[in-house]
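Please walk through the charged side-chain pairs of this model, and then through the surroundings of one further residue.

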Amino acid sequence: ASLLEMAQKRINEMGIQDIARVVEHDVTKSSMLGVLPAAGSVDCITMSYSFTMIPDQKAAMTNATKLLKKGGHVCIADFFQKGNYDDCLSPLWRKIRSAEALFHKCWFAMDHVHLLSDKQLESFDGLETVWDRRFRG
């Protein structure tokens with residue numbers, strides 16, 4: 001079964017068809033707004049290990065934020081590279097960290113996962129980035 005079919009099955013089993021529905025659509029297209037809830041009507045949008053696989057992340061975030069109510073939240077759990085902040089390291093260790101970061105970026109890219117940087121997450125207009133450090137690896 002596809003993930004969409006599994007999600008629909010869970011919605012049916014939980015009896016929450018009146019508040020949840022499964023939609024397959026390209027989140028980077030503005031036509032998405034015609035198949036989802038009305039603009040300005042959503043409290044929270046979650047993206048779990050999917051945002052880094054969207055090539056046009058700016059368009060996806062623009063469309064997502066159009067759906068939000070004032071004070072709503074976009075919650076992203078995904079792969080990212082937090083800035084190195086390696087000023088305290090020796091020049092050699094800075095180079096090693098830089099090479100390590102490049103390796104991870106290339107490694108994930110082979111699976112079409114485009115690691116986010118903290119600067120990218122903090123660059124979306126009108127959104128405040130809040131980091132949850134409890135689950136840092």
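A salt bridge is taken here as a side-chain nitrogen of Lys or Arg within 4 Å of a carboxyl oxygen of Asp or Glu, and by this rule the count comes to 3 salt bridges. The model is a predicted one, in which local features need pLDDT of at least 70 and side-chain atom pairs count only at pLDDT 80 or more, while totals for chains, interfaces and linings use all residues. Residues are numbered from 1 along each chain as its sequence is written, and side-chain values use heavy atoms, with hydrogens and water left out.

Lys9 and Glu13 are both exposed, on a scale where buried means under 20% relative accessible area, exposed over 50%, and partly exposed in between (1.4 Å probe, protein chains only).

Another salt bridge, at 3.4 Å from N to O, is formed by the side chains of Asp43 and Lys69. Because Asp43 lies in strand 1 (residues 42–48) and Lys69 in strand 2 (residues 68–77), this pair ties together parts that are 26 residues apart in sequence. Asp43 counts as partly exposed because its relative accessibility is 49%, and Lys69, at 35%, likewise counts as partly exposed.

What is the N to O distance in the salt bridge between Arg97 and Glu100? The side chains of Arg97 and Glu100 meet at 2.5 Å. The two are 3 residues apart in helix 3 (residues 91–109), so about one helical turn separates them. Arg97 has a relative accessibility of 25% and is therefore partly exposed, and Glu100, with a relative accessible area of 36%, is also partly exposed.

Turning to a loop position, Thr52 is found between strand 1 and helix 2 (57–67). Thr52 is buried, because its relative accessible area is 0%. Its side chain is joined to that of Asp78 by a polar contact of 2.7 Å, a term that covers a pair of N or O atoms within 3.5 Å, where within protein one must be able to donate a hydrogen and the other to accept it, and residues adjacent in sequence count only if both atoms are side-chain atoms.

Key: Helix = DSSP H or I, 4+ residues; strand = E, 2+ residues; numbered from the N terminus.
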